[in-house]
Amino acid sequence: MNPVITKVALQNVQDIVSAGFRTCIIAEQLGFDKDDQTRISTAVSEIARTAFEYTGGGEIEFFIDTDVEPHVFGITVRDHGNEGPLIEVPGGGVTSETGMMEGINGAKGLVDHFHIDAYPTGSTVFLGKNFSPATLQVTPELIARIADVLVKTALQNPFEEIRDRNQNLIRILEELHVKQVDLINANDELDSTNRGVVALYAELDDKALSLKAFGEGLEKRVEERTSELQKANTELKNAKEELHMQFDGLAERDRLLGESEERFRISAQSVSDVIWDWNIPDGRVDWYGRIDEILGYAPGEFPRTLDAWEKIIFPDDRDRVLSIRDRHVMMQTPYTAEYRVVRKDGEIRSWTDKGTAMRDEKGRAHRVVGSCSDITDSKRAKEAKIASEMRYRRLFETAQDGILILDDETGQIDDVNPFLITMLGFTREEFLGKKIWEIGLFKDIVANKDNFELLQRKEYIRYEDMPLETADGRHINVEFVSNVYEVNNKKVIQCNIRDITDRKKMTDLVEASLAEKETLLREIHHRVKNNLQIISSLLNLQIRKIDDKRTIEVLKDGQARVLSMALVHEHLYKSKDFSHIDLKNYIHSLGMELLQSYGTANEIVRFDLNIPEIYVDINTAIPLGLIINELITNSLKYGFKGRKVGNISITATEDLQALTIIVADDGVGMPEDITLENQTSSLGLRLVKSLTGQLHGTVAIDRTWGTKFVFVIPKQTKTHGETVP
């Protein structure tokens, strides 16, 4: 079913305008938005204008195609084909100064469907625009309602002035037509008179002269009337040409106006401001831009009325804003206001609003056009900046460090806080406006402009301890730190000056006390080491006086244990760090001493260390040294009996949780019946077990190849002076 809505005959330029106007009305009734209404009416106007100018007129039919999905609002333009079919235009078969080909090609892009069919009597152009059947149900009542709207709105055509001028021209044409009828009647009368004259000529020769005179007079009258008719025809032709030119100008202005409105609408959608147009007589407010989005409404949901605009104004601001607006309308005072609006979701936003009234010749406002901007974010940013500046100012004024603010380019002092004034005893005026290198007390920092330029390039300088002289002659020590940052797109230098005089005195006292304690601790380790060596020497003297091998062996074992402890204290007093011992150096020294003490000329024992850089404290080093002393001693005494060569290896690794020590030899191996648990006669193995427990560690014995002891010693932490595993 394709119900026809209406038809329009293209007989003059006015019909072109009427066709575009009717297209807008029908598109609006079918639910198209303003943009689509403009596109469809522009396309129809272009095709109608081309059909009228090139083919001498035609007919436009408006209908709805409901046989397809989605439905199509269709327009068919049929030309008369008097001068040539319209289909020749887009093919380039005709050139025109009015841009007919560009008009048709432009119309194609404005609709969803476009094609031209050729017939013997002319061409038919079909234009169509899709719309959803869910949006609007097509019924006979809808068609009747649209036809009724077309009749009612005919009197509201925006080209009423053109119609008036057309009616005047029609009246002139009618007057010319009356004159033409008079002329025809006169011609008929002349013909009748001529026939009478001929008859009289035949009958009355004597009246020939008078008839001739009458004929001459009649011919003169005919010439005069003919001249008048030609003049009237010329005037009519000129009037027609002038009317055509006026119609062409109006059509062109209509096209340009449509393009201008389209550009304005697109531009308004792309800017952040919202443009409004208040028609005072009917109270309608047209909005251009993202008004629905800004206020939290769906597209087109926000009412376009003055009352709707007044209701979104925050209640506390409403009376003030309306008063400013009304004064502008009545008294021509400027309309500029800042106020709050309430979005649909209740959020409150801040706006600025400006407008200008358009007035008639009597000065009465009939329209107000303006724009508004959402300044919420910028206002919040400004408030946050002010709050930040206030916080900074409070910190600046109350800081317990001296602060100077310098201009990064000139080095001029722009500000100084009260604490620095109090600290140094100078007045604020003695600081401000001077270059920093002009202030004598800072001469050690920036003695000249060259040093200041170095400060500019580095953007950060720190002096841990710098002497300054105060206004009253006191010498103080300060910590001076300067850095560069930007404020309002301009670089400034902030210098922080902290009085560390008391802290430096305390530090000097602590360092002196620490140096004294280090000297004392070094002396203690040295004396302990010497005392242990004395014990070792006494044992050695005793060994020389004894012949019993068993006793000698026991004394040598004791001497080795004393030596292992002495080595710990020797490494400590020689080290810069009294709290930790280099494990690799310590075990290497211990191993060399034991090889020298227990080795024989008949045996070659290789001592292999695989220990990275590991440091242990004295609480770990002494028991660990005794453990390694016992194991190396046992290997040297019992592990290589009957062999010329042997290997002893010590490996150490550590992680965050534990220290792992592996002591192994490739000797004959320890008998299976000897364990750490059943040793009551061997002091050495009892010491190994006891010292491992003292370190909260574990030990495992591997007899697969020689003898291997694996110790896992957990890392220790200190809590409130106590060592905790």
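The following points comment on selected local features of this predicted model.

1. Strand β8, residues 335-342, shows an alternating arrangement of side chains.

2. The partner of β8 is strand β9, residues 348-359, and the two run antiparallel with eight bridges between them. Within this pairing, V341 is bridged to R349 of β9. Five residues separate the strands of the hairpin, and G346 there adopts a positive phi near 95°.

3. D472 and R474 form a salt bridge with closest N and O atoms 3.2 Å apart; D472 is exposed at a relative accessible area of 56%, and R474 is partly exposed at 42%. A network of salt bridges with shared partners joins R343, D345, E347, R349, D374 and D377.

4. The model contains 32 salt bridges. One of them links the side chains of D36 and K129, at 3.8 Å from N to O. Because D36 belongs to helix α2 (residues 34-55) and K129 to strand β5 (residues 122-131), this pair ties together parts that are 93 residues apart in sequence. Both D36 and K129 are buried.

5. A further salt bridge is formed by D415 and R428, whose closest N and O atoms are 2.9 Å apart. D415 is part of strand β12 (residues 413-416) and R428 is part of helix α12 (residues 428-431), so the pair connects parts that are 13 residues apart in sequence.

6. Strand β20, residues 658-665, is mostly covered, with six of its eight residues buried. On one side of the pairing, strand β19 (residues 645-654) is antiparallel to β20 over seven bridges, and T653 is bridged to T660 of β20. Three residues lie between β19 and β20 in the hairpin that they form.

7. β20 also pairs with strand β22, residues 707-714, in the antiparallel sense and over eight bridges. In this pairing, D665 has T707 of β22 as its bridge partner.

8. One cavity of 30 Å³ or more is present. The largest cavity holds about 60 Å³ of space, and its lining consists of W276, W278, V285, W287, L306, W309 and R325. Two or more lining residues come from each of β6 (274-279), β7 (284-288) and α8 (306-312).

9. Two backbone features deserve a check. Most residues other than glycine have a negative phi, and most peptide bonds are trans. The peptide bond joining E69 and P70 is cis, with omega about 0°, and P70 sits in the loop between β2 (58-65) and β3 (71-79). H696, a residue other than glycine, has a positive phi near 60°. H696 is placed in the loop between α18 (683-694) and β21 (698-702), and at 46% relative accessibility H696 counts as partly exposed.

10. On the surface, M506, L509 and V510 make up a nonpolar patch with about 320 Å² of accessible area together. L509 belongs to helix α14, residues 501-544, and is exposed because its relative accessible area is 58%.

Methods
Residues numbered from 1 in each chain as written. Predicted model: local features only at pLDDT ≥ 70, side-chain atom pairs only at ≥ 80, totals over all residues. Heavy atoms only, no water. Buried < 20%, exposed > 50% of the residue type's maximum accessible area, 1.4 Å probe, protein only. Helix = DSSP H or I, 4+ residues; strand = E, 2+ residues; numbered from the N terminus. Pairing = 2+ DSSP bridges. Patch = residues over 30% accessible without salt bridge, like charges linked within 9 Å, V, L, I, M, F, W, Y side chains within 5 Å. Areas by Shrake-Rupley, 256 points an atom, 1.4 Å probe, with all protein chains shown as cover. Salt bridge = Lys/Arg side-chain N within 4 Å of Asp/Glu carboxyl O. 1 Å grid on protein atoms, 1.4 Å probe; cavity = no way out; pocket = protein on both sides within 12 Å on 5 of 7 lines; lining within 4 Å. Points joined across faces, edges and corners; volume = space filled by probe spheres on them.
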